[in-house]
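Here is a short report for a first look. It starts with the ligand and then turns to a pair of strands.

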Amino acid sequence: MTTPKVGLTIGSSDSSGAAGIQGDIKAMASIGCYAQTVLVGVTAQNTTGVVARHTVPVEFVLTQLDTVLDDIEVDAVKVGMTWSREHIEAIGDRLANLGVPVVVDPVMVTAAGASLAGADIGAAVLKHLFPVATVVTPNVDEARLLTGIADGTPQQLAERLVQLGAPAAVVTCGGPDGGEWFADHGTSVAVSRPGHRSGAEHGAGCAHSALIVGLLAHGLPLLAAVQEATTRAAAGVRDGLVSLGRGVHPVDFLKLGEPFLFDASTTTEKP
Ligand SMILES: Nc1ncnc2c1ncn2[C@@H]1O[C@H](COP(=O)(O)OP(=O)(O)OP(=O)(O)O)[C@@H](O)[C@H]1O
Ligand SMILES: Cc1ncc(COP(=O)(O)O)c(N)n1
């Protein structure tokens, strides 16, 4: 047996199982990356939206973080939905000098359009998470909130995020038309991918950043990881579980929609 690559995701539970921590575990597993998890919050949500949320106290978030870091060595880290200024500051402090790539996905608006963060979150993300990030991965709406450029294009937004202190930024667009853009201090390029109209985009953004974590853990250079993750996230939308849910259906990276994964006639226990 070989030791798998290990990702750590710091974020929140999505009770529908598509996005958040649950989505990150599945996306990382799909590329052979073991996921450790630190929960910052819990949402009551389904494919139609977020109904309620509950926060884990900062001290307990840090206890989770210190406990996992003390044991299984991590190859890369993701920071997803982080709730409050206090949480963001504490997490940023702990990740400084960790010595592994950190992907910051500043989740503020879901694929179903629900707002997941207060107005003060943006400033805290810039101050405490940009300095520890290897790359930040907001969607266009989140990038506009972070930069204050209300009508910015993905290119303008990605370049501005780098000016604001992120070493690299990929602004995702979602939807069939795409338009993702990557920028760092030496590069500013479009990231292409196919577009799909499956309606299964719940969890796409979380998977995108979790896949970048897994690919960085495997040692890919950053731009290659971003391109590969973007293509794979699109495939997860294409293969999404369109028969599940009344809203934005879940993405799928594990071929859960394919019957051959479990065939009841092959069980050894007979009734
Ligand atoms: N309709 C689609 N067709 C193909 N790929 C898609 C589609 N929608 C999303 N994706 C893939 O998922 C990625 C993330 O999409 P999107 O920008 O919608 O995420 P998000 O959920 O808004 O992000 P965040 O987690 O930052 O809130 C895209 O970069 C793309 O690779
Ligand atoms: C707990 C949690 N974290 C993140 C998202 C973003 O989801 P998406 O990937 O669809 O933007 C979510 N809906 N819930």
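## The shell around ligand 1

Nine nonpolar, ten polar and five charged residues make up the shell around ligand 1. Here Ala, Val, Leu, Ile, Met, Phe, Trp, Tyr, Cys and Pro count as nonpolar, Asp, Glu, Lys and Arg as charged, and the others, Gly among them, as polar. The shell holds 24 residues, each with a heavy atom within 4 Å of the ligand. Asp105, Asn139, Thr172, Glu180 and Glu201 are the closest.

Helices H7 (204–217) and H8 (222–238) each give at least two residues to this shell. Helices (H or I, at least four residues) and strands (E, at least two) are DSSP runs, numbered from the N terminus.

## Basis of the model

This is a predicted model: local features need pLDDT of at least 70, side-chain atom pairs count only at pLDDT 80 or more, and totals for chains, interfaces and linings use all residues. Residues are numbered from 1 along each chain as its sequence is written, chains are lettered from A and ligands numbered from 1 in the order in which they are written, and side-chain values use heavy atoms, without hydrogens and water.

## Contacts and cover

A side-chain N or O atom of Arg193 lies 3.1 Å from a nitrogen atom of ligand 1. For Gly174, a backbone N or O atom is 3.2 Å from a ligand oxygen atom. The protein buries 96% of the 630 Å² that ligand 1 exposes when taken alone (Shrake-Rupley method, 1.4 Å probe).

## Strands E7 and E8

E7 (residues 168–171) and E8 (residues 181–184) pair in the antiparallel sense over four bridges; pairing takes at least two DSSP bridges. Val171 has Trp181 as its bridge partner in E8.

Definitions and conventions. Polar contact = N/O pair within 3.5 Å; in protein donor to acceptor, adjacent residues only side chain to side chain.
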